[in-house]
Amino acid sequence: MLDALTLDQLRVLVAVAETGSFRSAAKRIRRVQSAVSHAIATLEAQLGVTLFDRSARRPEMTPEGRALLADAKAILLRVDAMRARARGLGEGVELGVSLVVDTLFPVEPLAHALRALRDAYPSVAVHLRTAPLGEPLAALRDGRCTLAITVGEEFREPRIQLEALSTIPFVAVAAAGHPLSRQDRVGPVDPAELAEHLQIVLEDTTARTAGKDFGVLSPGTWRVAGQDIKHVMIREGLGWGRLPLWAVEEDLARGRLSRLDVAALGRHGRVELEAYLAHRRDQALGPAARVLRAGLLSHLHGLPAHD
């Protein structure tokens with residue numbers, strides 16, 4: 001008899017459970033009350049259990065009913081997901097979208113865009129990872145991602161189309177107790193004094209910038225492959241370095257880090273780097289990738305959220 005179960009019966013079960021009565025469930029699903037009662041009675045007969053206790057004024061779910069309600073909801077959820085995926089496939093929607101994002105780019109606008117993608121195409125899988133320097137562009141060039149977000153002007157190729165997203169303030173900082181964070185300092189840090197202290201810098205995991213350094217002023221450096229570890233090492237006083245302002249605002253406000261006025265790294269040790277959304281010119285973006293792109297542009301530029 002279980003083979004005779006229908007999705008309609010399961011939807012009626014959920015409606016009654018959520019609304020608390022056969023009458024309210026009938027109103028929600030636009031049926032007459034007798035049809036709802038008949039669907040539940042038929043379902044109980046097929047399952048061989050009583051789903052609702054009808055002895056009270058309002059039907060109460062039995063323990064068996066509550067247990068099976070969870071299964072019914074899970075089945076309906078999977079069916080709805082299957083329908084959404086099938087609809088997307090019929091519209092040419094991608095099965096998944098992959099994105100590699102520079103570690104300097106803030107998370108908040110990215111989360112906004114991903115929510116827009118989720119709302120539009122809930123069945124599309126997302127693969128997201130962060131990487132420093134040349135890796136986002138390398139992943140895009142090698143076909144390992146659909147979209148990339150790069151930061152800075154060094155990462156350009158003719159085959160890659162770039163769209164400006166926003167500027168990322170980048171500041172020189174050191175731990176509050178670091179010698180470079182002296183409170184009695186007047187004016188910029190002297191280059192000779194700066195050279196006496198270890199600088200923590202990001203290392204490119206690709207050959208894109210082999211032999212090149214960006215903003216490296218100290219002869220003594222520790223090179224790391226992750227923005228988070230760089231942040232922690234600087235905050236712990238192991239050295240000084242540059243970090244995106246959005247990542248250190250709380251540490252600066254709480255006095256854990258101090259801004260350094262390093263004239264060689266911009267006015268008052270601050271420089272604005274441009275962030276770009278990148279994709280390959282020879283590969284058209286699918287519907288889901290276009291929604292993700294539109295979500296980023298709408299959040300950062302205040303543009304309408306359409307592709």
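How are helices α2 and α3 oriented to each other? The two helices are roughly perpendicular to each other, a label given to angles of 65 to 115 degrees, whereas angles under 35 degrees count as roughly parallel, those over 145 as roughly antiparallel and the rest as oblique. The structure is a predicted model, in which local features need pLDDT of at least 70 and side-chain atom pairs count only at pLDDT 80 or more, while totals for chains, interfaces and linings use all residues. Residues are numbered from 1 along each chain as its sequence is written, and side-chain values use heavy atoms, with hydrogens and water left out.

**Packing of α2 and α3**

- Helix α2 (residues 22-29) packs against helix α3 (residues 33-47) at an angle of about 110°, and their axes are 8 Å apart.
- On the α2 side the contact (heavy atoms within 4.5 Å) is made by Phe22, Arg23, Ala25, Ala26 and Ile29, and on the α3 side by Gln33, Val36, Ser37 and Ile40.
- Six residues of this contact are nonpolar, two are polar and one is charged, where Ala, Val, Leu, Ile, Met, Phe, Trp, Tyr, Cys and Pro count as nonpolar, Asp, Glu, Lys and Arg as charged, and the others, Gly among them, as polar.

**Salt bridges**

- The structure holds 14 salt bridges, each defined as a side-chain nitrogen of Lys or Arg within 4 Å of a carboxyl oxygen of Asp or Glu.
- One of them joins the side chains of Arg54 and Glu44, at 3.0 Å from N to O; because Arg54 lies in the loop between β1 (52-53) and β2 (60-61) and Glu44 in helix α3, the pair ties together parts that are ten residues apart in sequence.
- Another joins the side chains of Asp251 and Arg235, at 3.3 Å from N to O, and this pair links distant parts of the chain, with Asp251 in helix α9 (residues 245-253) and Arg235 in helix α8 (residues 227-235), 16 residues apart.
- Glu250 forms a salt bridge with Arg256, in which the closest N and O atoms are 3.9 Å apart.

**Exposure of the paired residues**

- Glu44 is buried, with a relative accessible area of 12%, and Asp251 also counts as buried, at 3% relative accessibility, where buried means under 20%, exposed over 50% and partly exposed in between (1.4 Å probe, protein chains only).
- Arg54 is partly exposed, with a relative accessible area of 41%, as are Arg235 at 31% and Arg256 at 35%.

Definitions and conventions
Axes are lines fitted to C-alpha atoms, for helices over the stretch in contact, and angles run from 0 to 180 degrees between N-to-C directions. Helices (H or I, at least four residues) and strands (E, at least two) are DSSP runs, numbered from the N terminus.
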